[in-house]
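Please keep the sequence and the 3D view at hand while reading.

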Amino acid sequence: MKTEIMEPRVRGFAKQAGLSMLALATMLACAGAAHAQTAPAGPEAAQADAQPVDDGAQEPQDDIVVTGTLLRGVAPTGTNVIGVTRDTITARGVASSNDLLAKIPQVGNFGTIPVGSASFGLPVLRPNIRNLGASGGSTTLVLINGHRGVGAGILQTTVDPSILPPDVLERVEVVPDGGSAIYGSDAIGGVVNFITRKRFDGVSANLRYGFADKYKTVDGNLTIGKDWGSGSLFLSYAHVWHDNVLGIDRDYASADRRSKGGGDFRVTTCAPGNIQIGAVNPVTYALPALTPGTLNKCDQNAYADLFPREERNSVFGSLTQQLDDNVAFGVTAYWSRRDTVVNQAQGMLSSTITALNPFFRPISGLTSQTASFSFASVYGNSLTSRQRFESYGVTPSFSFAIGDKWQLRAESNFGRSTNLVREAALDTTTASLALAGLIPGMALNPYDLAASSPAALAAIRNYENYGDATQELAEGRLILDGSLAHLAGGDVRLAVGAEYHYENISSRIAQGAIGSYANAKTSRASRDVRSAFGELMIPIVGAGNGSPGLRGLQLSASVRYDDYSDQGGTTNPKIGVNYKPFTDLTIRGNWGTSFHAPSLADTTNTSDSRATVLPYSPFLAPGATPVDPARATIVLAGGNPNLKPERADTWSAGFDWTPKAVPGLVANLTYYNVKFKDAIGLAPFLSPTLFTNTNYANFYILRPTLAQAQAAVGNLAVVGAPSIASLYTGPLSPYVLIDARRNNLGAVNTDGLDFNLAYTRLTGFGAINASIAGTYTLSRKSQAVSGGPFTDDLKNGVGRTAFVATLGGKSGGFIASASYNYKGGFPILGVSPQTRVGAFQTVDAFLAYDLGAHGFIKNAMLTLNVDNIFDQDPPWLNSAAAYTNGSTLGRLVTFGIRTKF
């Protein structure tokens, strides 16, 4: 069976109708309990406890719903669930939930410092299991206690995982399998579920301070709660602040790669800049001396942030209450605000100065020159932008016990985000005209920018790229689950349910004078989704009727139908099987289909459609000439109303082994296979593979003619130049035109192995533990355009192996561990003479001391984290990007104290 997308039905559905349904679902329940979920105890559950105190009672196991299933009290059949416990969260010493995901090898940002650009398109770095999709939505579904979160950004609708501070997490569950049969859209690569604490009693606080070379960070958390047996209420506040890191602060980010055997990717738009005359045999004159044949070069990103300065404030609250023997109520709520200050490269210009400019200095009798320079000498080294992303969400729910074996859950979910981006920029249109001497009283002096007309300098600086957006989410869900019948192998379990989902995005984008939005492009889009779903689990063989060689056999089937107001209907099934030949060995497998509906930011949101002109060309094809970097680049960007859903067939098979003969040993191995098609994304214009992979040949034009450029741009707004025609008036026409609009690009077929081996042993002095967990890609082939040839990504730009190996132990009041993080290298094309990118390997260490163990301070713990102990740089890349396959702050040392009373 394949995922089938049917034509959308016509319906005049108003938002109020959807919200009324939500209200009705809530009223039917008398008002929805937080979706209680707990993963089965994994190897980490046996590790030495890194918590100095117990924070509260746990929920009954029978009421727990594990990620990947609708049924209470059972794990998903045939599926591998990766669990991260609170002990591990503490030991990792992360300041955000996104940082935590970067420690999981199956997640695409493994081995990085996850940071978004805080820009229109990428406000957050999204989790991406299996590295499948890169659109405004996501092929990895992120949940909070089993519910979706409201999206963040101007041109993106993905939830920001950093809204949840790590201290409120009970655990994180990652299901690296397709999950649309349970959750609907987005769950192609898998599901990430952040599960928060449900109960808390007392007051806890922690404070941490960290530092690296030219970097510092501070974060703290305060939680206050009360547990009265039949219920619990707690409120948690978290604050995080960290400094920025500039490109000049890290050697690995240098654009001059000659020390590594590579090229020099510095630019000529410097302060002071350069003058060039002639087009066929150009002669350069470095300023200020103007000596023939000389050239100033500089690193354009030296004063741009690798990691911007950021401040986050978050509040999370939870209330649970057992109303009587059969009815329970729960509600969680959060508020989060992130303020980011981003330093970008100072504005640059490469344009023509003519004799009409009163500052013109003739050379060799010519009446025009090409001037290339940066505005750093008059405006400072960086353009500083400020962004704010704020969101809140409320999730109330009720659960009703129906007899001994059935339960009805009524849940609702509301969220809203406001997003503001103000990117400092320069008015390059005015700058080009002022340089050419075409604006009376406003002349730009490229030989000495400080001597330019004050009116010109003021006008050029009075410019910004402005964007704001509001996103809203509302959901209502009813789930009935329980025991349908009893077999010798156990209870047959059934869950059925229905859900209504509504979302909208309203955005506004303007480029122009600061604070002037008269010509802003606005866009509003919304959709509603009606869904019905069910899951059946049949235990054919169990403890009651097992025999040697057949101790267990369990089958499951789930299906979900989603009807989109804008995309039509889709049905996605999934089947799973668990087979236990022995009590300590489970062999499992599953197959299903999944889909991802195009994000509203990718389809009907047209506020970002534009043609952006860069005054230089950072994207160079093999065979580029020395003058090509000085040519302009035209980039077409924006949404696409003709996008269709991404779809995938996924299956996996593996085993879980906990041998009785070796207590404390756990082994897991899973083979996965994903066939992903109609992938929404952008042509890889930031990578050399754009030019070396023939599948992308239709997404760029090298040295386009004026006619070709005008035909491609059409009626799109031009940003960064007065017009497309103005780029052809000087001696250097544009180098490349790139189509970077969202498209259904083609397909990705990938398979591989996920593995985990862990061992824990109690000793006379405490406990020791060791583990290795990771993923190995067997094959990965991509298709740029539907119907085109497939190329082998493992031969160009994709690594095979990623894993984390950990060794730790506990003795007395001390807990210690060390982790070796490995992200494998890969072949690379198009960056000659480099042919391979190296592996990124780092070692992290954790040390904690329980002050109460020796009678000092009860319920208090000192912690020390050292990330990247050996201060390893990420692998170098022979391009202007300078590095790849990971990122790092360098050696980061963090001291902390945790206490509870």
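Is Glu 475 buried or exposed? Glu 475 counts as buried, because its relative accessibility is 3% and the cut-off for buried is under 20%. This value, like the others below, comes from a predicted model.

## A bridge between strands 20 and 3

Glu 475 pairs with Arg 148 in a salt bridge whose closest N and O atoms are 4.0 Å apart. The pair links distant parts of the chain, with Glu 475 in strand 20 (residues 464-487) and Arg 148 in strand 3 (residues 147-148). The two residues are 327 residues apart.

Arg 148 also counts as buried, at 17% relative accessibility.

## A bridge between strands 21 and 23

A second salt bridge joins the side chains of Glu 499 and Arg 560, at 2.7 Å from N to O. Glu 499 belongs to strand 21 (residues 490-512) and Arg 560 to strand 23 (residues 552-564), so the pair ties together parts that are 61 residues apart in sequence.

Glu 499 is buried, with a relative accessibility of 7%. Arg 560 is buried as well, with a relative accessible area of 3%.

## A bridge from a loop to strand 29

Lys 644 and Asp 678 form a salt bridge in which the closest N and O atoms are 3.7 Å apart. Lys 644 sits in the loop between strand 27 (633-637) and strand 28 (646-657), while Asp 678 is in strand 29 (residues 665-681), so this pair ties together parts that are 34 residues apart in sequence.

The accessibility of each partner can be stated separately. Lys 644 is partly exposed, its relative accessible area being 41%. Asp 678 counts as buried, at 9% relative accessibility.

## The network and the total

Which residues do salt bridges with shared partners join into one network? They are Arg 72, Arg 409, Glu 411, Arg 477, Asp 481, Arg 493, Glu 499, Arg 560 and Asp 562. A search of the whole structure gives 44 salt bridges.

## A loop residue, Gly 797

Where is Gly 797 found? Gly 797 is in the loop between strand 35 (790-792) and strand 36 (801-811). Gly 797 is partly exposed, with a relative accessible area of 31%.

Leaving aside neighbours within four places in sequence, Gly 797 is in contact with Phe 826, Pro 827 and Ile 828.

Notes. Residues are numbered from 1 along each chain as its sequence is written. This is a predicted model: local features need pLDDT of at least 70, side-chain atom pairs count only at pLDDT 80 or more; totals for chains, interfaces and linings use all residues. Side-chain values use heavy atoms; hydrogens and water are left out. Helices (H or I, at least four residues) and strands (E, at least two) are DSSP runs, numbered from the N terminus. Buried means under 20% relative accessible area, exposed over 50%, partly exposed in between (1.4 Å probe, protein chains only). Contact means heavy atoms within 4.5 Å.
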